[in-house]
Amino acid sequence: MATDVTKILAATGGGLAYAGPTATPAPTNSSGALNAGFAELGVVSDDGLTESPNTSTTEIKSWAGVSVKTLITESAFTFTFTLLQTDARSLELYHGGSLVANNGVGESKIIVKKTQSNIKSFVFDVLDGSNVVRIYVPTGEVTDVGEIAYKAGEAVAHQLTLTAYPNAS
């Protein structure tokens, strides 16, 4: 097999993150326009997107103690990213179940309530020059958030971890 350095991706162009209702039609390719139901989530921090697989297995052994099969007993994927943009979309994802009002002129009001399930579809575009890797999560939900620091000289950042759920398609 020959080495092809053009297939080494580095996300040099950063990336984009989108969310929409689960009924939003899926992307049909890696570079075409998304359905209008997907809304861009804004600027993602330079930490980028971290995809984390989590798989648990059980080994089946023969009478002689030799492993003869491995069963996958659990499988999950999470995606972690940090939004630097503070607007209604980022606040609603971070404060799941809370009421967010935005008057459109830089003012937001959050009535923090108990976190509630908020299942959505997500799309991540990883960009490297003309190369695009599009990751589509048809059914996912924010299941963990990082702390927010309101500090002089630093962006207010919203770290989100979403869990991808099985989908019928």
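Biologist: Are phenylalanine 79 and phenylalanine 124 buried or exposed?

Modeller: This is a predicted model, and the term buried is kept for residues under 20% relative accessible area. By that cut-off, phenylalanine 79 and phenylalanine 124 are both buried.

Biologist: How are the rings of phenylalanine 79 and phenylalanine 124 arranged, stacked or edge-to-face?

Modeller: A search of the whole structure returns two aromatic pairs. In the pair of phenylalanine 79 and phenylalanine 124, the ring centres are 5.8 Å apart and the planes stand at 20°, so the arrangement is stacked. Because phenylalanine 79 belongs to strand E4 (residues 67-83) and phenylalanine 124 to strand E7 (residues 120-128), this pair ties together parts of the sequence separated by 45 residues.

Biologist: How is the pair of phenylalanine 81 and phenylalanine 124 classed, and which residues form the aromatic cluster?

Modeller: The ring centres of phenylalanine 81 and phenylalanine 124 lie 5.2 Å apart with their planes at 70°, so this pair is edge-to-face. Distant parts of the chain are linked here, since phenylalanine 81 sits in strand E4 and phenylalanine 124 in strand E7, 43 residues apart. Phenylalanine 81 is buried, as is phenylalanine 124. The residues of the one aromatic cluster are Phe79, Phe81 and Phe124.

Biologist: Which value does phi take at alanine 11, and where is alanine 11 found?

Modeller: Most residues other than glycine have a negative phi. Alanine 11, which is partly exposed with a relative accessible area of 36%, has a positive phi although it is not glycine. Alanine 11 is found in the segment before strand E1 (15-20), and its phi is near 50°.

Notes:
Residues are numbered from 1 along each chain as its sequence is written. This is a predicted model: local features need pLDDT of at least 70, side-chain atom pairs count only at pLDDT 80 or more; totals for chains, interfaces and linings use all residues. Side-chain values use heavy atoms; hydrogens and water are left out. Helices (H or I, at least four residues) and strands (E, at least two) are DSSP runs, numbered from the N terminus. Buried means under 20% relative accessible area, exposed over 50%, partly exposed in between (1.4 Å probe, protein chains only). Rings of Phe, Tyr and Trp (its six-membered ring) pair if their centres lie within 6.5 Å; planes under 30 degrees apart count as stacked, over 60 as edge-to-face and the rest as tilted.
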